Amino acid sequence: MAYELNPYSLNVTLVAGADLSAAQYKFVKLNSSGQAILVAAATDKPIGVLQNAPASGAVGIVRVQGVTQVYAGATLADGAVLATAATTARAKAAV
């Protein structure tokens, strides 16, 4: 079940540091300039999930707290703790 509107969610707006037009509902992190870019390695620390699909330099909306949709890289069990898949910025079950 997915919820689009949730009064307990918190979004922040950040400039897209790359073309994120195909990255809606994927994990993002901050680059050295404080812009949103896709998670790219297992050691990256995501700040949230991108809620829109901005081009490079446009404003991205990042959900940092609350319920969101997220692309999964595999089937996830109910209640699974999530981590990010290193190369796809999708959710995976944490090990």
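How many bridges join strand S2 to strand S3, and in which sense do the two strands run? Three bridges join S2 to S3, which spans residues 36-38, and the two strands run antiparallel. This is a predicted model, and the protein averages a pLDDT of 88, with 93% of the residues scoring at least 70. Confidence is highest in S3, at a mean of 97, and lowest in S7, at a mean of 82. Where pLDDT is low, predicted coordinates should not be read in detail.

**Strand pairing**

S2 and S3 form a hairpin with five residues between them, and in its turn Gly 34 has a positive phi of about 80°. Within this pair, Lys 29 has Ile 37 of S3 as its bridge partner.

| Strand pair | Residue | Bridge partner |
|---|---|---|
| S2 and S3 | Lys 29 | Ile 37 |

**Nonpolar cores**

The largest nonpolar core has eight residues in all, namely Leu 14, Ala 16, Leu 20, Ala 23, Val 28, Ala 36, Leu 50 and Val 62. A second, separate core of five residues includes Phe 27, Val 39, Ala 89 and Ala 91. In soluble globular proteins, nonpolar side chains tend to be buried together.

Val 62, a member of the largest core, is in contact, once its neighbours within four places in sequence are left aside, with residues including Leu 10, Val 12, Ile 47 and Gly 48, as well as with Leu 14, Val 28 and Leu 50.

Phe 27 is found in strand S2, and it counts as buried because its relative accessibility is 13%, which lies under the 20% cut-off.

Lys 26 is found in the loop between strand S1 (10-15) and strand S2 (27-30). Is Lys 26 buried or exposed, and which side chain of opposite charge is nearest? Lys 26 is buried yet has no salt bridge, and the nearest side chain of opposite charge, that of Asp 19, is 11 Å away. Leaving aside its neighbours within four places in sequence, Lys 26 is in contact with Leu 38, Gly 48, Val 49, Leu 50, Tyr 71, Thr 88, Ala 89 and Arg 90.

**Thr 88**

Thr 88, one of the residues in contact with Lys 26, is found in the loop between strand S6 (82-84) and strand S7 (91-93). With a relative accessible area of 34%, Thr 88 is partly exposed. Thr 88 and Gly 73 are 15 residues apart in sequence, and their C-alpha atoms are 7.7 Å apart in space.

Definitions and conventions
Residues numbered from 1 in each chain as written. Heavy atoms only, no water. Core = buried A, V, L, I, M, F, W, Y, C linked by side-chain atoms within 4.5 Å. Buried < 20%, exposed > 50% of the residue type's maximum accessible area, 1.4 Å probe, protein only. Contact = heavy atoms within 4.5 Å. Helix = DSSP H or I, 4+ residues; strand = E, 2+ residues; numbered from the N terminus. Lys, Arg positive; Asp, Glu negative; His and termini not counted. Salt bridge = Lys/Arg side-chain N within 4 Å of Asp/Glu carboxyl O. Pairing = 2+ DSSP bridges. pLDDT = per-residue confidence, 0-100.
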